[in-house]
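I opened the model to look up a few local features. My notes follow.

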Amino acid sequence: MERVPTPQTASPPATGAAATSPVRLTINGMDQALTLDNRVSLLDLLREHLHLTGTKKGCDHGQCGACTVIVNGRRINSCLTLAVMHDGDEVTTIEGIGTPDHLDPMQAAFVAHDGYQCGYCTPGQICSARAVLEEIAAGIPSHVTGDLNAPPPLSAEEIRERMSGNLCRCGAYANMLEAILEVADTQGLPA
Amino acid sequence: MKAFSYERASSPADAAARAAQIANARYIAGGTNLLDLMKLQIEAPSHLIDVNGIGLDRIEETAEGGLRIGALVRNTDLAADPRVRRDYPVLTRALVAGASGQLRNKATTAGNLLQRTRCVYFYDPNMPCNKRVPGSGCSALAEGAVSRQLAVIGTSDACIATHPSDMAVAMLVLDAVVETVLPSGETRVIPVADLHVLPGDTPHIETTLRPGELVTAVTLPPPIGGKQSYRKVRDRASYAFALVSVAAIIQPDGSGRIALGGVAPKPWRRDDADAALPKGATAVMERLLAGARPTEDNAFKLLLAERALAATLAEAKE
Ligand SMILES: Cc1cc2nc3c(=O)[nH]c(=O)nc-3n(C[C@H](O)[C@H](O)[C@H](O)COP(=O)(O)OP(=O)(O)OC[C@H]3O[C@@H](n4cnc5c(N)ncnc54)[C@H](O)[C@@H]3O)c2cc1C
Ligand code: SF4
Ligand code: FES
Ligand code: FES
């Protein structure tokens, strides 16, 4: 794997210890073995080193959700984690979810409902939307869940709250909500 | 970001011992606060000790009938634990009121308690801030500063920042206790009430943890029942820090415990205020917020806190 240098000029840390670390991870089913500057975020690994540019960089500070990916089955903000912390982990990005010829049901629903405008936030929204349905199915409560000792309902209110970590500048929210509800419906999740 | 070396610890004791050996080392857990600050060079450790994967991610029942929560338990997992939902609902409510689903999947119990303030001037390296650069001054107290989000009580002339954690407020009302290991291998226990310190003239010192001290767990005493709630008032319906929050446990006879978030440099509770609960929200706030020194910008928090508590008490009677 060719290594693209990071924009910052590396000065070795005061301890004299290595400023780089080896890391092996599986990204969209492909094994990757790299040696990385410790500063490289998971987001920059995906975009700058592996050229998987589907995952977007918005704020780079955990505030917008554009960088959402799935690590070991859970959605996280890839901008606020170091690539070297993910040795042995499995990462799924939007490129691993579907392709233009074989859309994932959530991608198809976003298209059918026009759930995007400029599309910048869409990869993160789709990664989150799929995770949201899994989190509801797994019974994980949210801020709007009424009864904490019962499974959370699959309501528009629950989906809105759970999608609130993904910000969209174009305001495509209403159409996204319809897309997500439709996928939930076809999966037979209880309302 | 400044360059740093990185290693994975092999055990809690190993992590603490390493931290004492290497100058300017920091632990990294979820990384959602530390990396955010490192990108802005507000934090610039020369060495990171990764404490993931050293067995601190379990929730166990204690011999006394409480719960021992590993320091690395993720906020999502803690909120969703059936025992927490059933016996400590104020904790689940506080956790799910904080951050976003993505962040809660990474954020850890210890990292959440030890996250740093969100004061906008602390976050702006171009502005003076006594917490970031001791002795440089406090931008929030300067003429014309915006202090709407900041603290009304427990502050000093050096700093008026709030502690931002929602979870910590629930931990305080539950009388949780923090367990640690020191670089010497010794362990200690610190009540959550004594973990955070007020700014005084050293606002850069935020906790009673000693150099290299690693948090290993947080223990909850046996469940005390009551109606438990967490009411968070903020500028947006979701995904924003609290202006004011109220963690409450109200018993059928009207007695109980309350703690406030968003008003002070640490989660805020007073025994004499708890004792006033049967007398109502105004009596509680007279004690809880006695000696408050709000700015013109954030004086609204005093009334907001009282109204949030009044709503909480009304709901508990239903
Ligand atoms: C956009 C955004 C919105 C947010 N909104 C909220 C909110 O509404 N409410 C809220 O409460 N929080 C909120 N948060 C903060 C979030 O909850 C914290 O970032 C998170 O809990 C920190 O946990 P972590 O494991 O990622 O900590 P890290 O970033 O890994 O660590 C934080 C600090 O704790 C130290 N540390 C970590 N583990 C240990 C240990 N075991 N022993 C000793 N020291 C340790 C680290 O050295 C570091 O100094 C928000 C964050 C973001 C980015
Ligand atoms: S309030 Fe505290 S954190 Fe904010 S600028 Fe003043 S000294 Fe810094
Ligand atoms: S780029 Fe990661 S949350 Fe904005
Ligand atoms: S579609 Fe443009 S940012 Fe969301």
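How many residues lie between E6(B) and E7(B) in the hairpin? I counted five, and Gly185(B) in the turn has a positive phi of about 100°. Strands here are DSSP runs of E, at least two residues, and helices are runs of H or I, at least four, numbered from the N terminus. Strands pair if DSSP finds at least two bridges between them. E6 (residues 177-181) and E7 (residues 187-191) of chain B are antiparallel and share five bridges. I found Glu179(B) bridged to Val189(B).

This is a predicted model, with local features needing pLDDT of at least 70, side-chain atom pairs pLDDT 80 or more, and totals for chains, interfaces and linings using all residues. Residues are numbered from 1 along each chain as written, chains are lettered from A and ligands numbered from 1 in written order, and side-chain values use heavy atoms, without hydrogens and water.

Next, chain A. I traced an open, mixed sheet of five strands, ordered E2-E1-E5-E3-E4. E2 (30-37) and E4 (74-77) of chain A are at the edges with a single partner strand each, so one side of each lacks a neighbour in the sheet. E3(A) (residues 68-71) runs antiparallel to E4(A), with four bridges. Ile70(A) has Arg75(A) as its bridge partner.

Last, ligand 2. I listed 13 residues around it (a heavy atom within 4 Å). The closest are Cys119(B), Cys129(B), Cys138(B), Cys159(B) and Ile160(B). The shell has ten nonpolar residues (Ala, Val, Leu, Ile, Met, Phe, Trp, Tyr, Cys, Pro), one charged (Asp, Glu, Lys, Arg) and two polar (the others, Gly among them).
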